[in-house]
Amino acid sequence: MNIFSEIYGTYFRITAKLLEKELTDEKTVRETVMREGFKDTLLFLPQKLIPGSESTGLFKRTEDGKLQRITKNAPVKLLTGIQKSWLKAKLADPRIRLFMDEDVISALNEKLGNIPPLYREEQFRYTDRFADSDDYHDEEYISHFRTALKAVKRRSIVYIDFISGHGNHMRGIFVLLKLEYSPKNDKFRAYCYLLRNGRIKSSGIINIGRITEITDTGRVFRTPVSIDEYFQSRKCSEPAVIRVTTERSGVERFMMEFAAYEKHTVRDTQTGEYTVELWYDEQDETEVLIRLLSFGPVIEIMGPAHLREQARQRIRKQYEYIKNSDMNSTLEES
């Protein structure tokens, strides 16, 4: 079911924004498309807007070379009932408070009136999510998140004091490249570079929930950085090699689970099984391993040796836990 029509997509949104003003010019059209669109949008959308052989006719050229919209009024966005219900549900999500103030949320709720939410959070039961999610109601967490988000947008240099995953107290000067939400952990994390004397020292990931202090230094990191190069530098040197069987739709589920990962896949035409080489961020190895083990006997970790050994130890530990639990239950019953 599509909740939002394609008229709320990027191309329509850019066009609607340009149509808000009665007059514009080619430079504004190209700059808006470049700023608001995808990498390749500039290759075709301006030609659709600027009068010419490929134009859709939304603008006409004036005598002084400006572009004038053909409509009398700016476009109006309309929402259907189901779209309003969806928005009502999103406003009830505590994570929305990371991006909006309470007064804005209250105003939107008031506008939506008595429209029922499309869904309620209590209607979902997550079976593959860690229980120690971030506290999205905590004011300090919200403040840290917003400072980090602002730093990403402005490429600001920030001072961060945080507790590492090993429980160590860490601090330093960072430039934040990207914020990411992990559905598996229900946490936000920041991809960043550690700086020394204004230069990149190393790369890392900081969970927003582990930050105890974050301060904008007021300086901007002006050295060009590429998020692609960042991830390339953190990629494991040897990929995980996974054999995926067709049992219980294993292939489809595996490809869906690791859709965002770089991988090379080979299909055995005789058995229908797949051998997948999976590249991942070395710092995420434990999370990748847990996600792999969640497939049970549907997959087999073929390599590298250290990853296979970690999987073997975890399975052995789980077996011992279940075995001891069964023994204790038997003793209690007797």
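**Close-up 1. Glu320 and Arg316 pair up through their side chains in a salt bridge, with N and O 3.6 Å apart.** A salt bridge here is a side-chain nitrogen of Lys or Arg within 4 Å of a carboxyl oxygen of Asp or Glu. Both residues sit in helix α10 (residues 305–333), four residues apart, or about one turn of the helix. Helices (H or I, at least four residues) and strands (E, at least two) are DSSP runs, numbered from the N terminus. Glu320 is partly exposed at 30% relative accessibility, and Arg316 is partly exposed at 45%. Buried means under 20% relative accessible area, exposed over 50%, and partly exposed in between (1.4 Å probe, protein chains only).

A quick note on what you're looking at: this is a predicted model, where local features need pLDDT of at least 70 and side-chain atom pairs count only at pLDDT 80 or more, while totals for chains, interfaces and linings use all residues. Residues are numbered from 1 along each chain as its sequence is written, and side-chain values use heavy atoms, with hydrogens and water left out.

**Close-up 2. Glu36 and Lys17 meet in a salt bridge, 2.9 Å from N to O.** This one links distant parts of the chain: Glu36 belongs to helix α2 (residues 26–36) and Lys17 to helix α1, 19 residues apart. Glu36 is partly exposed at 22% relative accessibility, and so is Lys17 at 40%.

**Close-up 3. Lys235 forms a salt bridge with Glu262, the closest N and O atoms being 3.3 Å apart.** Lys235 is in the loop between α7 and β9 (240–244) and Glu262 in strand β10 (residues 262–267), so the pair ties together parts 27 residues apart in sequence. Lys235 counts as partly exposed at 23% relative accessibility, and Glu262 does too, at 42%.

**Close-up 4. The largest pocket has a volume of about 1000 Å³.** It has 34 lining residues, and Gly165, Ile205, Asn207, Arg210 and Gln283 lie nearest its centre. On a 1 Å grid over the protein atoms alone, a pocket is an open set of points where a 1.4 Å probe fits, with protein on both sides within 12 Å along at least five of seven lines; lining residues have an atom within 4 Å of a point. Grid points are joined across faces, edges and corners, and a volume is the space filled by probe spheres set on the points.

**Close-up 5. The second largest pocket holds about 800 Å³ of space.** Of its 28 lining residues, Glu180, Arg189, Ala260, Tyr261 and Arg291 are the closest to its centre.
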